[in-house]
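Let's take a walk through this model together. Keep the structure open beside you and follow along as we go.

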Amino acid sequence: MKSYTLLGLLALSISVNGAMAQIKNSKLVTVQISGNCGMCKSTIEKAGDVANESLVVWNSKTGEATLTYDSDKTSEEAILKRIALAGYDNERYLAPEETYAALHSCCQYDRTLQAEETGSKPAENQSQADSGEQHTAHEATASSSMSSFLTPYLRLKDALIAGDSKAANEATKKFDQALTALQAANFSKEEKAVWTSEQKKLQQATAGITAGKSIDAQRQAFDKLSRSLYTVLKASGPSEKLYYQHCPMYQDGKGAYWISRDTGIKNPYYGAQMLSCGKTVETL
Amino acid sequence: MLLRIYRASFLALLLLALGFSVRGQQTVRYELYVRDTLVHFAGKEKRAIAVNGQLPMPTLTFTEGDTAEIVVHNQLRESTSLHWHGVWLPNKEDGVPHLTQQPIAAGETHTYRFPIIQNGSYWYHSHSGLQEQIGMYGSMVFHKREDDPSFRKGIDDIPSLSLLLSEWTNLRPHTVDRMLHTGNDWFSIKKNTVQSYAEAIQAKHFKTKIRNEWKRMEAMDVSDVYYEKFLINGLAEQQLASFKAGDKVRLRIANAGASSYFWLTYAGGKISVVANDGNDVEPVEVDRLLIGVSETYDIVLDIPAQNTAYELLATAEDRTGSASFFFGSGRRQLTARLPRLQYFEGMKMMNDMMKMNGDMHDMGMQMSLQQMDMNAVMYPELKDKPSTSASDAHHAAASSPHEKHEAHAQHAPQRKDKVTLNYGMLRATSPTALDSSATVKNLRFELTGNMNRYVWSMDNRVLSETDKIPIKKGEVLRIVLYNNSMMRHPMHLHGFDFRVLNKNGDYAPLKNVLDIMPMETDTIEFTANRDGDWFFHCHILYHMMAGMNRVFAVGDYQNPLLANRAKAYTTLQKESNMWHFMADNDFASNGNDGSAMLQNARWSIGTEWRLGYNNMHGYEVETHVGRYIGKMQWLMPFVGFDWRYRKLGMDQHETNIFGQTNKKDSRQAVSVGAMYTLPFLINVQAEVYHDGIVRLALMREDIPISRRLRAGFMWNTDREYMVGLRYIFHKNMGIRTHYDSDMGFGVGLAVNY
């Protein structure tokens, strides 16, 4: 696999590439680096190159790379470590899982250099979300009441917790459908009064989410939606126990609200960064 | 016959009992030779301290029931001491100079002797001055006896290894200490955390920066000192190749860093936390944990596959560097590096949390037990992935079908929430509840301090301003701690483990270090059942030396090693409130501008001078002796003495804006006045001289324009003004250009000490 080419070849390599001429005490090595496309080539070479110190040329067809480096300043090891940290497995180092997973999909090469794990991996812990499987039964019974849009609302909230704006959009569309489907005739007098005042706000908020260009814009609209929904639920009395929760930090201290089935805090306004920020302010 | 059997079995029993008692009372002796040494950690040969030729100091191993006998031979040219961190022992063995013993003088030998009455992972370090920074730290292991009922299969019987985390600076620790107190921002230049106006504008955070300075805050950071290297057992990288696939290893990790917290992450899967500060906890699996200064954590790691070495990475909290340890042999499986902090996001968050008077404001979030890490706003690795944002989805839809497919592919893997350890997750393996019939003494401490002058205190009092806190022996001490400062503090109690009250009730974990983040409130409790003077302090070395300490005096302990306890305490108080000297001078083309100052936690004696090169420009020296008032120390009343000589032309007099004329060319004046820090960190100084002349001045010296460029200005009611720019190229040097109303335009070399 690896061939150390001795000084005799040095003259040749220098004449091949002008940039190499600047690398003193130069040493040439050929190594195998995993990867599969042109985009990989630029990432690998960028990670490996240091001006006047090292130069990497990677061949996307063979996966072979030639490293030319100043053996006084650096080592094959150091260069390959940098390349692995950029996401590419090689003879000495394996890329971190997260870095590999974050590579562009065309760069997600087969990790043939990784050894098989011996023990069976424990199953991934399914995150217990509000709108998860355990609540499907509930979904069916509540469909006719005022809380029929609760399920899509909670799904929307979970999408925002996960920072998934596409899923948020889909859930909002479901929410809108439930809103339109709701027959105003079923309401009591008080409910109707609240409904007339809040319906428009709810629609504006959902429009804000679907039109939102960024997850931040969607989250801002979600706060409006939550406040409005709270008023509606408060008037009609929810069919189950719900928690009105508050994050005091959002929007430079203006704060934001959301509704959840769980007492535990999972803040939809910051994603993973501030997942546990907030507290329950009211039980509905 | 029967009798003989009886007798034989009796003899056997006796022998057995003797055997056990011999085993139980085994004395384990270590001889430690403390010596100066030279090390080469970061490009330069520097002084360090080695014990038995080692840095870190040797690992000391005992079994519960042993007696430790540790002989310290001090071969340094200064005094030393050794503190046994987290260990229950008689007060005179605790190793705090001037509190539990006299310092071990240069050339002297001192023997520490104490029974080992607990088990777990501990460490030891010098408690003298700043010796801990330059190598005086080592691991200590107290094994469980094999018949211990708390012996845990799969944890206590697997291979274990002690790892000490530490950091290295090429600066002398006393220089580090002085630089922190003199407000030298060289560390933030090295760390690239200046957060200057230019950088703020670039990051679209100009308003954030303005608000930050309005609230009189300096650049925000999670740690104060720049370190060249981070080390695990004295090395930046090492490997233990003897592990095979399927093996487990228990690591006894102690953070011996003087001021760095470390993130621990592992390339081979989850980290199982099994003990903390020497005490067993129910195993809990996490993706990462932050180990506070002086905390210990025992973790168990899996080696999942053959022919692979898995990396355990310890990253400094400020992410300026890391150290690695590889387990296994073969290709090295790396773990992702933690990306640089997003400081302006942190600044924005801090702005919201800081009141105008310098108090912290938690917005009603009731923070405690590290459960809500406000610093997380600065962690880029927790940001929502850009590929999941709406704008990207939109972009994908608009471009080629091929790209659309990619966007979908990236979308597919479920986001996994990383589990970070916090104190709420720690649960003791057996009940820890205290005797409910004991009397309870409640104490509350507010952790206070300010970054501007690097004064750290409790209830706005440093150790030199407080007496020992008397505690009756056997009392339960319940302490509520509230962190009203901007930095986190690892609070360490000597001689006891305290319960950290969390959701686990009777199973609240036992610890001896409590990391408390800004705005958090935590409650700890313990039974004060060992006599003596026990230190309670912040374990960040430079905070401790700034006075963030208290002493609990339990019972009436007569320490045979301290003849005069009161006098010794006075010395201890003095050592934690040292005077710091600083001076600077600008050798400029139009004269010399400079100052010299001697300061401690409260007092300041300072002299400023402006010395021209001729009589027209004049010579001026102002001396102020003042005392800083309040927690934030924004106010300093002072008395002053001015001397001035200059030669103005005939009948040229200066009139100030109040119409007062000052006729003398040679003037000596005594004054009283006050200095106050206004929003935007502008100092206003008002002064009345004995001849009735009044002077008001506004000034600021260190406006961060860019990473290395500082602007300054001064204006006063004598119609004098100055504007200047300084480019910092060395920790003690800069190029300065300024315009002064008296002396005109000048360029020079600004030197500071």
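**A guided look at the two chains**

B:Pro56 sits in the loop between strand 2 (46–51) and strand 3 (57–63) of chain B. Here and below, helices (H or I, at least four residues) and strands (E, at least two) are DSSP runs, numbered from the N terminus. The peptide bond that joins B:Leu55 and B:Pro56 is cis, with omega at about -5°.

Before going further, a word on what you are looking at. This is a predicted model, where local features need pLDDT of at least 70 and side-chain atom pairs count only at pLDDT 80 or more, while totals for chains, interfaces and linings use all residues. Residues are numbered from 1 along each chain as its sequence is written, and chains are lettered from A and ligands numbered from 1 in the order in which they are written.

Back to chain B and its overall layout. It is divided into domain 1 (25–149), domain 2 (229–333), domain 3 (430–558) and domain 4 (580–752), with bounds that come from an automatic or database domain assignment. The centres of domain 1 and domain 3 of chain B, taken over C-alpha atoms, are 23 Å apart. Their contact takes 10 residues from domain 1 of chain B and 12 residues from domain 3 of chain B; two residues are in contact if their C-beta atoms, placed from the backbone, lie within 7 Å.

UniProt, in an unreviewed entry, places the feature "domain: Plastocyanin-like" at residues 37–146, 184–315 and 443–555 of chain B. Its positions are given in the numbering used here, feature names are shortened, and annotations may be inferred rather than shown by experiment. Over residues 37–146 of chain B you get 0% helix and 43% strand, with the end C-alpha atoms 40 Å apart. Over residues 184–315 of chain B, the figures are 16% helix and 41% strand, and the end C-alpha atoms are 25 Å apart.

Now for a sheet in chain B. It is an open one of 6 strands, in the order 10-9-12-17-14-15, with mixed pairing; two strands pair if DSSP finds at least two bridges between them. Strand 10 (229–232) and strand 15 (279–286) of chain B stand at the edges with a single partner strand each, so one side of each is left without a neighbour in the sheet. From one strand to the next, the twist averages 25°. Strand 14 (residues 271–276) of chain B runs antiparallel to strand 15 of chain B, and 5 bridges join the two. One of the partners to look for is B:Val286 in strand 15 of chain B, the bridge partner of B:Ile271.

Further along, strand 21 (residues 440–450) of chain B pairs in the parallel sense with strand 24 (residues 476–483) of chain B over 8 bridges. Here B:Leu443 has B:Ile479 in strand 24 of chain B as its bridge partner. Strand 21 of chain B is also joined, by 4 bridges, to strand 22 (residues 455–458) of chain B, and these two run antiparallel. They form a hairpin with 4 residues between them, and B:Tyr454 in the turn has a positive phi of about 55°.

Which residues of helix 5 (residues 206–214) of chain B are buried? They are B:Thr208, B:Lys209, B:Asn212 and B:Glu213. A residue is buried if 20 or more other C-beta atoms lie within 10 Å of its own, exposed if 12 or fewer, and partly exposed in between, with C-beta atoms placed from the backbone. Seen down the axis of helix 5 of chain B, its buried residues fall within an arc of 125°, so they line one face of the helix; the arc is that of the directions from the helix axis to the C-beta atoms. These buried residues pack against helix 4 (197–202) and helix 6 (343–353) of chain B.

Most residues other than glycine have a negative phi. B:Gln633, not a glycine, has a positive phi of about 60°, and B:Phe680, not a glycine either, has one of about 70°. B:Gln633 is buried, with 20 other C-beta atoms within 10 Å, whereas B:Phe680 counts as partly exposed, with 13 C-beta neighbours inside 10 Å.

Finally, chain A has 10 helices and 8 strands, and 37% of its 284 residues count as buried.

How values were computed
Axes fitted to C-alpha atoms, helices over the stretch in contact; angles between N-to-C directions.
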